[in-house]
Amino acid sequence: TQIEQSAPADVFASADTANMDKLTRAGDVTGQPVVFARNVLEIAVAKGNPKKIKTLADTVKPGVQLVLCAPAVPCGKFALQAYQKVGVTVPQVPTGQSVKDTLSKVSLGEADAAVVYVTDVEAAKGQVTGVPIPTAQNVVASYPIAVMKAASNAATGRAFVSYVTSNAGRATLVKFGFVKP
C-alpha cells in the first residue's frame, strides 16, 4: 500500500506473491520478480507447551486461547489455508496486525497458541516453543523480490537482489529457518 501511494523504495521483498503481483501488474517493478526464499508455518505455543498442543486441531480446543494474524496479512491467509487443509473450523479469535504482533501475544502470555512462520518461532527462541505442522497440512509461502521502477538507487537495488538470490545470500537465509526456493 505504501509503495502504491508513492512511498520511496528501491527494492521490494514480500512474504507472499499476491502483493508482488499487484505491483508487477501496476508496472511498479523492473524485470520479473524472483523468489528468493520460502517459509512454512509452525504453531507457536507458550514456553514449554503447557497446554500440550500437538496439532492444529488442538489449538481450537476449549480452554486454548488462539491468536492468528489478520486474514489480510500473509501469515493469516496461510494459517487459514492450513486449517482448511485439515478440515478444522477456526472460531472467531483475536488477530494481530503483523506476524510479530501475533507472536508477541504468545510470548507475553496473552494467548496460548499462534500460527506463524517457522522463522518467527526461530527468532523468538527461548520465549516460545515451536510445534511443527506436518508437510501435508502446511502451506508454503514464496517470498519474491524485485527492484522498483522508481528506485532512486537502482544499481544498488540490483546488487542487493543479486546478493539475496546468490548461493551466499540463500545460505544466510537458511540459517534463519527459511527454505531454499
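Which residue's side chain does the side chain of Lys 105 join in a polar contact? The partner is Asp 101, at 3.4 Å, where a polar contact is a pair of N or O atoms within 3.5 Å; within protein, one must be able to donate a hydrogen and the other to accept it, and residues adjacent in sequence count only if both atoms are side-chain atoms. This is a predicted model, in which local features need pLDDT of at least 70 and side-chain atom pairs count only at pLDDT 80 or more, while totals for chains, interfaces and linings use all residues. Residues are numbered from 1 along each chain as its sequence is written, and side-chain values use heavy atoms, with hydrogens and water left out.

Lys 105 belongs to helix α3, residues 99-107. Helices (H or I, at least four residues) and strands (E, at least two) are DSSP runs, numbered from the N terminus. Not counting residues up to four places away in sequence, Lys 105 touches Val 67, Thr 95, Glu 110 and Ala 111; contact means heavy atoms within 4.5 Å.

Ser 107 also lies in helix α3. Its side chain reaches the backbone oxygen of Ser 104 at 3.1 Å. With residues up to four places away in sequence again set aside, Ser 107 touches Gln 127 and Val 128. Ser 107 is partly exposed, because its relative accessible area is 29%; the classes are buried under 20%, exposed over 50% and partly exposed in between, with a 1.4 Å probe and protein chains only. Between the C-alpha atoms of Ser 107 and Pro 33, which are 74 residues apart along the chain, the separation is 34 Å.

The account now turns to strand β2, residues 29-46, where Ala 37 is placed. Ala 37 has a relative accessible area of 1% and is therefore buried. Leaving aside neighbours within four places in sequence, Ala 37 is in contact with Ala 141, Ser 142, Tyr 143, Leu 173, Phe 178, Val 179 and Pro 181. Ala 37 and Ser 6 are 31 residues apart in sequence, and their C-alpha atoms are 26 Å apart in space.

Ser 6 sits in the segment before β1 (11-13). With a relative accessible area of 65%, Ser 6 is exposed. Its phi is near 75 degrees, a positive value in a residue other than glycine. Lys 52, in the loop between β2 and β3 (66-69), has a phi near 55 degrees, likewise a positive value in a residue other than glycine. The relative accessible area of Lys 52 is 58%, so this residue is exposed.

The chain as a whole contains 6 helices and 7 strands, and along the sequence they follow the pattern β-α-β-β-α-β-α-β-α-β-β-α-α. The radius of gyration is 17 Å, close to the 16 Å that the globule rule gives for 181 residues, so the chain is as compact as a globular protein of that length. That radius is taken over C-alpha atoms, and the globule rule is 2.2 Å times the number of residues to the power 0.38. Along the principal axes, the C-alpha atoms fill a box of roughly 55 × 30 × 30 Å.

Of the 181 residues, 41% count as buried. Among contacts in the chain with a separation of 6 or more, 75% are accounted for by residues 24 or more positions apart.
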